[in-house]
Amino acid sequence: MGGKRNYRRFLLLWAGELVSSIGGGLTSFGLGVYVFQQTGSAANMALITLLAFLPTLLLSVPAGVLADRYDRRLLMMLGDGCSAIGILWILICMFRGGASLAEICIGVTVSSVFSSLLEPAYRATVTDLLDAEEYSKASGMVSLAGSARYLVSPILAGALLTVSDIRLLLALDIFTFFLTVVCTGVVRRGLATKAAEAKEPFFAALRMGWQAVARKRGVLLLILLASAITCFMGAFQILAEPLILDFADSATLGIGETVCASGMLVSGLYLGARGIKKGYLKLLCASLAVAGLAMVLFGLRENIYLICAAGFLFFAMLPLANNCLDYLVRTNIADELQGRAWGFIGFLSQLGYVVAYGLAGVLADGLGRQLQLGVGRGAAAVIMASGVLLAIIALAIYPIKAVRALEGGMRGTHPGDGISAE
C-alpha cells in the first residue's frame, strides 16, 4: 500500500516538473526570438543559452551535497520558487519598455543559479519514492517530461506570440514555477522530513560524492560515456539548424525540428508504459550505435525527408540510452550517497555540452570555408564525423568487464555498505 502511495506521489512530482519544463521552454523560445529580433545576432542568442546552462552545471556538485545533507523536497521548492525571481526581473524590465541584453543575461543567470538546487534533489527523491524495479519506468517518464520543452513549448509559444508578446510567455513560466512548488509541497507533507546533517564537513561530503562515482570503475566509464553523448548531441543541436537553413526556409526548419524531436516522445511514451526489464547494457550500446548511424544519415544529403527520418531515429534512441545509463548508475550507488553522487554525475556528463557549444560551430565554419561547400555542408561533415565516433564508442564499451559487472547492481546490500571497489 505504501508503495502505491509513493508511486502516486512520484506522479504528482512528475506532473509538476512536466508543467515546469513546458514553462521553461516558453521562456527559452521567447527570449531567443526577442534577442534575435532586437540584436540580429546569433552570438547573443548563444550567450543567453550559455548563461542558462553554465551556472546549473558548475553548481550541480555542491547542490548534490546539499541534497544529502538537507530535506530534498524543501531544496526542490526553494530551487523552483527562487528561480522565478530571475524571470520576474526580466518581465519587470519588459514592462518598463523593453529589456536590454545585459538585463536578460542577469535574469537568466539568477534563474539558472537557483535551478541548480533542483536536479540532484529531484533525482535523489525518485530513489526515495520508488523501488528498484520501478526506476526504468520512472526514468522514461522523466525523459518524457524533459522532451516536452522541445515538443509542446515551441508550438505553444509560436501560437501565443501571434496574439501577444513575450511578456505573456514569461508570466506563464512564472506561474508554472509556483505550481511546481505546490506539487512538491504536497509530496513533502506525506514523507518523513530529512534532518540536516551538520556533523560531516562540506568538503568531506564533496569527497564522498566523488568517491561514490569513481570507486566503481564501470560507473565512472559510463559517466564519461554520457559526457561524450552530450558532446555529440550538443554538436547535433547546434549544427542541425544551419545545415537545414543552407538549403531550406525557416518554415521547413520548424517542421523538421518538430518531426525530429517527436522521436523522444514516442520512445518516452513506450518507456513510461512498459519500462525495461533486463539487458540494460546491450540496449545501451545498441541504441547509441543506431543513434550514431542516424547522425551519419542526417548529414548525408540535402533532402528534408531523409533528414527528418534520420533525426526522428536519433532522438528516439536518446531516451532508451538515458534510461539504461540511469538504471546502471543508480543501482550501483548507495542510497545515502545518491544526492551528492548525482551532483557529480550531472556535472561530468554535461561537460560535453560545453565542448560542443564552443567547438562545433567553429569546426563547421572552418570546414565549409576549407572545402568551399558552405557552412551547411561543413555542419553536415561535423555531424557525420560525430556519428561515426559515437557508434565506435558504443560498440567498444560493451566488452569492458567493469561495465558489464554493473548489470547486477548493488540492490540487496545494506544501505551503509557503500560501493565496493573493484
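Here is a quick tour of some contacts, helices and surface features in this structure. It's a predicted model, where local features need pLDDT of at least 70 and side-chain atom pairs count only at pLDDT 80 or more, while totals for chains, interfaces and linings use all residues. Residues are numbered from 1 along each chain as its sequence is written, and side-chain values use heavy atoms, with hydrogens and water left out.

**Salt bridges**

- Side chains of opposite charge can pair when their charged atoms come close.
- A salt bridge here is a side-chain nitrogen of Lys or Arg within 4 Å of a carboxyl oxygen of Asp or Glu, and that rule gives a count of 2 salt bridges.
- In one of them, R96 teams up with E103, and their closest N and O atoms sit 3.0 Å apart.
- To read the next labels, note that buried means under 20% relative accessible area, exposed over 50%, and partly exposed in between (1.4 Å probe, protein chains only).
- R96 is exposed, at 58% relative accessible area, whereas E103 is buried, at 17%.
- D165 and R167 also meet in a salt bridge, at 2.8 Å from N to O.
- Here D165 is partly exposed at 29% relative accessibility, and R167 is partly exposed with a relative accessible area of 30%.

**Aromatic rings**

- A pair of aromatic rings is described by the distance of the centres and the angle of the planes.
- Rings of Phe, Tyr and Trp (its six-membered ring) pair if their centres lie within 6.5 Å; planes under 30 degrees apart count as stacked, over 60 as edge-to-face and the rest as tilted.
- The structure has 5 aromatic pairs.
- In the pair F236 and F314, the ring centres are 4.4 Å apart and the planes are at 15 degrees, so this pair is stacked.
- This pair links distant parts of the chain, with F236 in helix 11 (residues 217-245) and F314 in helix 14 (residues 304-330), 78 residues apart.
- A word on those numbers: helices (H or I, at least four residues) and strands (E, at least two) are DSSP runs, numbered from the N terminus.
- Buried or exposed, what are F236 and F314? Both are buried.
- F236 also pairs with F315: the centres are 5.6 Å apart and the planes are at 80 degrees, so this pair is edge-to-face.
- Because F236 lies in helix 11 and F315 in helix 14, the pair ties together parts that are 79 residues apart in sequence.
- The relative accessible area of F236 is 2%, which makes F236 buried, and F315 counts as buried at 11%.
- Ring pairs join F236, F298, F314 and F315 into a cluster.

- The expected span of a helix is 1.5 Å times one less than its number of residues.
- For helix 14, with 27 residues, that gives 39 Å, and the end C-alpha atoms are 39 Å apart, which agrees.
- Helix 14 is largely enclosed by the rest of the structure, because 21 of its 27 residues are buried.
- At the start of helix 14, a side-chain oxygen of N303 comes within 2.9 Å of the backbone nitrogen of Y305.
- Helix 4 (residues 72-95) has 24 residues and should span 34 Å; its end C-alpha atoms are 35 Å apart, which agrees.
- After helix 4 comes G97, with a positive phi near 125 degrees.

**A nonpolar patch**

- I255, V259, V266 and F312 make a nonpolar surface patch of about 320 Å².
- Patches are made of residues with over 30% relative accessible area and no salt bridge: like charges are joined within 9 Å, nonpolar side chains (Val, Leu, Ile, Met, Phe, Trp, Tyr) within 5 Å.
- Which helix gives the most to the nonpolar patch? Helix 12 (residues 250-273) does, with 3 residues.
- V266 lies in helix 12 and is partly exposed at 48% relative accessibility.
- V259 is in helix 12 too, and V259 is partly exposed at 32%.

**Far apart in sequence**

- V259 and I307 are 48 residues apart in sequence, with 9.8 Å between their C-alpha atoms.
- R274 sits in the loop between helix 12 and helix 13 (280-298), and R274 is exposed at 56% relative accessible area.
- The C-alpha atoms of R274 and K137 are 6.6 Å apart, though 137 residues separate them along the chain.
- M295, in helix 13, is buried at 0% relative accessibility.
- From M295 to I383 is 88 residues in sequence and 6.1 Å in space, C-alpha to C-alpha.

Note on methods
Accessible areas come from the Shrake-Rupley method with a 1.4 Å probe; for residues, only the protein chains shown count as cover. A polar contact is a pair of N or O atoms within 3.5 Å; within protein, one must be able to donate a hydrogen and the other to accept it, and residues adjacent in sequence count only if both atoms are side-chain atoms.
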